[in-house]
Amino acid sequence: MSKPLKQIHLAAHFPGVNNTTVWSDPRAGSHIEFSSFVHFAQTAERAKFDFLFLAEGLRLREQGGKIYDLDVVGRPDTFTVLAALAAVTEHLGLTGTINSTFNEPYEVARQFASLDHLSDGRSAWNVVTSWDAFTGENFRRGGFLPQDERYSRAKEFLATTQELFDSWRGDEILADQATGVFLRDAKAGAFVHEGKHFDIHGRFNVPRSPQGRPVIFQAGDSDEGREFAASSADAIFSRYAQLDEGRAFYTDVKSRLAKYGRRSDQLLILPAASFVLGDTDAEAEEAAKEVRRQQVSGATALKHLEFVWNRDLSSYDPEGPLPDVDPLVSEEHIARGRAQVRMYRDPLVTAREWRELAEANNWSIRDLVIETGSRQNFVGSAQTIAKTINDYVQADASDGFILVPHITPGGLDAFADQVVPLLQEQGVFRTEYEGTTLRDHLGLAHPDERGAAERAAS
């Protein structure tokens with residue numbers, strides 16, 4: 001007997017704080033004007049996506065002491081944007097990255113509980129830590145926690161916010177006009193938390209929200225991050241969108257759930273994925289090459305090479321050969337705030353390998369960065385992309401994808417109009433929203449329902 005078809009989960013990542021976006025394209029619009037967010041969100045909702053996702057950059061990255069302006073720099077405050085989008089959407093989930101290293105549990109819990117009320121139960125929190133002292137300088141807390149301590153703080157941070165969410169059961173508000181009694185429980189919202197990182201007590205001032213708690217996402221890929229997700233998250237924002245590595249990641253993380261008393265369907269794995277659509281596969285392949293060259297201009301190529309060389313390479317010709325000089329190995333790095341720097345553990349080895357590749361293929365600096373950098377995950381006609389996405393999900397390489405278009409705000413339009421109908425025809429993606437909350441869209445139990453079931457089983 002064949003197993004039933006899995007339903008695909010789709011979400012949309014508003015691009016920015018990266019160089020995926022081709023901001024120089026004539027079709028590109030603002031990354032700050034609210035109209036861009038509205039267009040993007042309403043397209044995702046028209047396509048019946050689960051949620052919209054906003055990343056967060058807490059500091060503008062620098063290279064050589066200057067703002068790295070080849071990214072899309074800057075981003076309005078996440079909560080402000082999501083709260084505003086709640087008013088112009090009805091079903092779409094609203095997911096935001098909020099840092100656990102530079103915030104406090106009470107403040108974050110209050111903001112997410114408020115967003116959940118404003119959106120009638122559509123909020124989600126991507127819990128992240130911050131790895132670099134550079135970002136921390138904005139908060140006067142730079143570099144004070146090693147990696148294991150960051151995850152320790154994050155786990156306690158999340159546990160503390162959940163205690164705050166749960167300090168209201170949901171039935172405390174009576175509001176009886178005849179008797180004048182508003183609360184049936186005068187102790188509503190009381191909490192006490194004593195731990196290694198937080199020692200707080202008081203009253204949480206936001207009543208229980210429609211979802212009970214926001215949906216929890218996690219985005220770390222280290223062993224600590226995978227354990228954190230298996231123990232506490234509802235979904236993972238993964239970077240594995242290739243079939244074999246996706247299946248390996250999927251199997252590894254799902255296998256960790258049992259030790260925490262969780263089932264496989266209680267944690268969704270949703271990789272980020274970029275795409276290029278064409279009328280034919282060949283047309284899409286050609287378009288993808290052009291997009292990649294737009295994403296890696298000559299100036300961008302030199303900046304990327306500086307991630308490894310840790311030297312000012314502005315005098316080099318991006319269409320010329322790689323530098324003869326070796327990388328500068330130092331704790332101080334020219335590219336501040338860029339996570340890619342951590343990818344190159346041994347810059348001297350990487351430089352030697354890249355020189356060999358460039359010589360063997362007659363690549364310039366720009367060619368090398370294009371060829372060794374990330375590719376679009378899905379390239380082809382609508383039929384090809386729909387089939388590929390479905391094949392990945394049915395093969396347990398993911399539970400769906402968070403799509404990252406390279407054009408803002410209209411880059412999602414063609415996918416919504418061409419690919420989604422094909423997935424709907426195959427019976428693997430919804431044609432209408434069947435619930436009202438983000439937990440409904442994702443097939444996740446309400447915390448109160450889950451708790452009741454666990455109590456009944458014990």
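Which side chains meet in a salt bridge at 3.1 Å, N to O? They are the side chains of R263 and D265, where a salt bridge is a side-chain nitrogen of Lys or Arg within 4 Å of a carboxyl oxygen of Asp or Glu. Before I go on, please keep in mind that this is a predicted model, in which local features need pLDDT of at least 70 and side-chain atom pairs count only at pLDDT 80 or more, while totals for chains, interfaces and linings use all residues. Residues are numbered from 1 along each chain as its sequence is written, and side-chain values use heavy atoms, with hydrogens and water left out.

R263 is exposed at 52% relative accessibility, whereas D265 is partly exposed at 44%; buried means under 20% relative accessible area, exposed means over 50%, and partly exposed is in between, with a 1.4 Å probe and protein chains only. Side chains of opposite charge can pair when their charged atoms come close. By the rule I gave, the count comes to 26 salt bridges.

One of them joins R153 to E104, with the closest N and O atoms 3.9 Å apart. This pair links distant parts of the chain, since R153 sits in helix 5 (residues 147–165) and E104 in the loop between strand 5 (93–99) and helix 3, 49 residues apart. Helices (H or I, at least four residues) and strands (E, at least two) are DSSP runs, numbered from the N terminus. R153 counts as buried, at 6% relative accessibility, while E104 is partly exposed, with a relative accessible area of 35%.

Another salt bridge is formed by K289 and E286, whose closest N and O atoms are 3.6 Å apart. These two residues lie three residues apart in helix 8 (residues 281–295), and are therefore separated by about one helical turn. There is also a network of salt bridges, in which D221, D223, R226, E227, R239, D252, R256 and K259 are linked.

I turn now to the aromatic rings. Rings of Phe, Tyr and Trp (its six-membered ring) pair if their centres lie within 6.5 Å, and planes under 30 degrees apart count as stacked, over 60 as edge-to-face and the rest as tilted. By this rule the count comes to 20 aromatic pairs. In one of these, F51 and F217 are edge-to-face, at 5.0 Å centre to centre and with 65° between the planes. F51 belongs to strand 2 (residues 51–54) and F217 to strand 11 (residues 215–218), so the pair ties together parts that are 166 residues apart in sequence. Both F51 and F217 are buried.

A further edge-to-face pair is that of F79 and F112, with 4.8 Å centre to centre and 70° between the planes. Because F79 lies in helix 2 (residues 78–86) and F112 in helix 3 (residues 105–118), this pair ties together parts that are 33 residues apart in sequence.

Next, a pair of helices. Helix 9 (residues 298–309) and helix 10 (residues 347–361) pack at an angle of about 135°, with their axes 9 Å apart; axes are lines fitted to C-alpha atoms, for helices over the stretch in contact, and angles run from 0 to 180 degrees between N-to-C directions. The two helices are therefore oblique to each other, given that angles under 35 degrees count as roughly parallel, over 145 as roughly antiparallel, 65 to 115 as roughly perpendicular and the rest as oblique. Contact, meaning heavy atoms within 4.5 Å, is made by L305, V308 and W309 of helix 9 and by P347, T350, A351, W354 and R355 of helix 10.

I will close with two individual residues. F275, in strand 14 (residues 275–277), counts as buried at 5% relative accessibility. Leaving aside neighbours within four places in sequence, F275 is in contact with residues including Q376, F378, L403 and F415. G261, by comparison, is in the loop between helix 7 (243–255) and strand 13 (268–273), and is exposed, with a relative accessible area of 63%. The C-alpha atoms of G261 and A230 are separated by 9.9 Å, although these residues are 31 residues apart along the chain.
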